[in-house]
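Please keep the sequence and the structure in view while reading the points below.

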Amino acid sequence: MSAPSPHAPAPIASVSEAEHAIANLNKIMDHLVDTVEEETARVRAGRLRDAVELDEAKVELARAYAAETKRVKSAKDIIAKSLPDALDRLRKRHDAFQALLQTNLTVLATAHAVSEGIIRGVSGELARKQAPSTYGGLRPRQRAEQQGKPAAGGQPQNRLATGK
């Protein structure tokens, strides 16, 4: 077995350590839930730049959440035997958190799709405006037909104009 790294928390070896780890995980989840809810609210309100400000905090909280979750999972047997109610509450909270993350991801995906549509629309409009209009769109014969005039050397194509 390899020795734990100096930055990794020690494995849970007692019930009191398990209680402390669960309390710490709940505290991390509180902050993470608040951050994700705030990000979701900002994106829904169209305040994307404000939402980006939360990225760094969200990443740090997610790392802490993953590390503490791994630590709690490694002591699942101790926790299941000694603190079954705490484990059950933690599982329910984790399920609720997953639902919140799904909502957040849906909102972010929607904002991404809307932004992409806007960018494509602007890009298309700019390309259309920058395209050279060498022939003005209509051929001379089409223009003459629209105006009810005879095309080069012929009779009017519009029957109403000729009275027939």
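The buried residues of H3 are covered by elements that include H1, helix H4 (76-82) and H5. The model is a predicted one. The protein has seven helices and zero strands, and its elements run α-α-α-α-α-α-α from the N terminus on.

**The protein as a whole**

- Of the 164 residues in the protein, 23% are buried.
- The accessible surface comes to about 12,300 Å², and 56% of this surface belongs to carbon and sulfur atoms.
- Among the contacts with a separation of 6 or more, 65% are between residues 24 or more positions apart.

- The 20 residues of H3 should span 28 Å at 1.5 Å a residue, and the end C-alpha atoms are 28 Å apart, so the two values agree.
- The buried residues of H3 are Lys58, Leu61, Tyr65, Glu68, Thr69, Arg71 and Val72.
- An α-helix has 3.6 residues a turn, so residues three or four places apart point the same way.
- Glu56, Arg63, Lys70 and Ser74 are exposed residues on the face of H3 turned away from its buried side.

- Is arginine 71 buried or exposed? Arginine 71 counts as buried because its relative accessibility is 15%, where buried means under 20%.
- Glutamate 68 is also found in helix H3, and its relative accessibility of 5% is the reason that it counts as buried.
- The side chains of arginine 71 and glutamate 68 make a polar contact of 3.2 Å.
- When neighbours within four places in sequence are left aside, arginine 71 is in contact with Pro9, Ala10, Ile12 and Ala21.
- With such neighbours again left aside, glutamate 68 is in contact with Ala21, Asn24, Leu25 and Ile28.
- Glutamate 68 and isoleucine 22 are 46 residues apart along the chain, and their C-alpha atoms are separated by 8.4 Å.

- Alanine 75 has its place in the loop between H3 and H4.
- Alanine 75 is buried, with a relative accessible area of 4%.
- Alanine 75 and serine 14 are 61 residues apart in sequence, while their C-alpha atoms are 9.1 Å apart in space.

**The largest nonpolar core**

- Which residues touch the most other members of the largest nonpolar core? They are Tyr65, Ile79 and Phe97, in a core of 21 residues.
- Helix H1 (15-44), H3 and helix H5 (84-130) each supply at least two residues of this core.
- H1 gives the largest share of this core, namely nine residues.
- In soluble globular proteins, nonpolar side chains tend to be buried together.
- Not counting residues up to four places away in sequence, isoleucine 79 touches Ala18, Ile22, Val72, Pro84 and Leu87.

- H1 has 30 residues and reaches 43 Å from its first C-alpha to its last, which is close to the 44 Å expected at 1.5 Å a residue.
- Glycine 46 follows H1, and its phi is positive, near 80 degrees.
- The 47 residues of H5 should span 69 Å at 1.5 Å a residue, and the end C-alpha atoms of H5 are 68 Å apart, which agrees.
- The residues Ala86, Leu87, Leu90, Phe97, Leu100, Asn104, Val107 and Ala111 are buried in H5.
- The cover of these buried residues of H5 includes H1, helix H2 (48-52), H3 and H4.

Terms used: Residues are numbered from 1 along each chain as its sequence is written. This is a predicted model: local features need pLDDT of at least 70, side-chain atom pairs count only at pLDDT 80 or more; totals for chains, interfaces and linings use all residues. Side-chain values use heavy atoms; hydrogens and water are left out. Buried means under 20% relative accessible area, exposed over 50%, partly exposed in between (1.4 Å probe, protein chains only). A polar contact is a pair of N or O atoms within 3.5 Å; within protein, one must be able to donate a hydrogen and the other to accept it, and residues adjacent in sequence count only if both atoms are side-chain atoms. Contact means heavy atoms within 4.5 Å. Helices (H or I, at least four residues) and strands (E, at least two) are DSSP runs, numbered from the N terminus. Accessible areas come from the Shrake-Rupley method with a 1.4 Å probe; for residues, only the protein chains shown count as cover. A nonpolar core is a set of buried Ala, Val, Leu, Ile, Met, Phe, Trp, Tyr and Cys residues joined through side-chain atoms within 4.5 Å. The expected span of a helix is 1.5 Å times one less than its number of residues.
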